[in-house]
Amino acid sequence: MPLSSDPEKRAKQLANLTPAPPPSPTGNRFALRHGGYAAVAADRLEGRSREVFDAISADAPLRDAAGNLPAADSGVVYLLAQALCRLEDVSGHLAATGWLDQKTGEPRHAVLEIERRLIAQCAALMDRCGLTPLSRARLGLDLTRTVDLATAMSETDPERRAVLLRDAGAPDA
């Protein structure tokens, strides 16, 4: 509604306005419900997501020439670490408050839906990183094999070559 051009009505309209409330104190989490939509505090996200990132990086099956997580994979692993931290927050909230509303006895649909979406997002990101058995199979990775066929075939010692071929899963010739 626009302000009135009548000075008396305009004064009443302006008198109804209240000043903005003072900013909340630093670290105030009073209005935080479950943390699914909230931006996680930067210091907490950095610390926890860094731990998760390092753990995932150590477990990732793909490695660069130096034996580290490939640089191209770090973005997806970081997103996975963030999603896992958010899932941890939402799951912690559900563990503390229960999945049923104590007043109504109804399921907490909003937070359950957020948890479901985060689980799906984490599963999809884990697939992209080769962290599930199916995704490793699609990538052609076999973590139990230590020798590939090309390495076995390039061995010059016939006895060693036979062992490597067997370890690589080559059929007996």
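Helices are DSSP runs (H or I, at least four residues), numbered from the N terminus. This is a predicted model, in which local features need pLDDT of at least 70, side-chain atom pairs count only at pLDDT 80 or more, and totals for chains, interfaces and linings use all residues. Residues are numbered from 1 along each chain as its sequence is written, and side-chain values use heavy atoms, without hydrogens and water.

**View 1. Leu 14 sits in helix α1 (residues 7-16).** Its relative accessibility is 42%, so Leu 14 counts as partly exposed (between 20% and 50% relative accessible area, with a 1.4 Å probe and protein chains only; buried is under 20%, exposed over 50%).

**View 2. Helix α3 covers residues 74-97.** Its 24 residues should span 34 Å at 1.5 Å a residue (1.5 Å times one less than the number of residues). The end C-alpha atoms lie 35 Å apart, which agrees. Buried residues of α3 include Ala 81, Cys 85, His 93 and Leu 94. Just after α3, Gly 98 takes a positive phi of about 85°.

**View 3. The largest nonpolar core has 20 residues.** Such a core joins buried Ala, Val, Leu, Ile, Met, Phe, Trp, Tyr and Cys residues through side-chain atoms within 4.5 Å. Ile 56, Val 77, Leu 80 and Val 90 touch the most other members. Helices α2 (42-59), α3 and α4 (109-128) each give two or more residues to this core. Its largest share, 8 residues, comes from α3.

**View 4. Val 77 and its contacts.** Val 77 touches Phe 53, Ile 56, Ser 57, Leu 69 and Cys 129, not counting residues up to four places away in sequence. Contact means heavy atoms within 4.5 Å.
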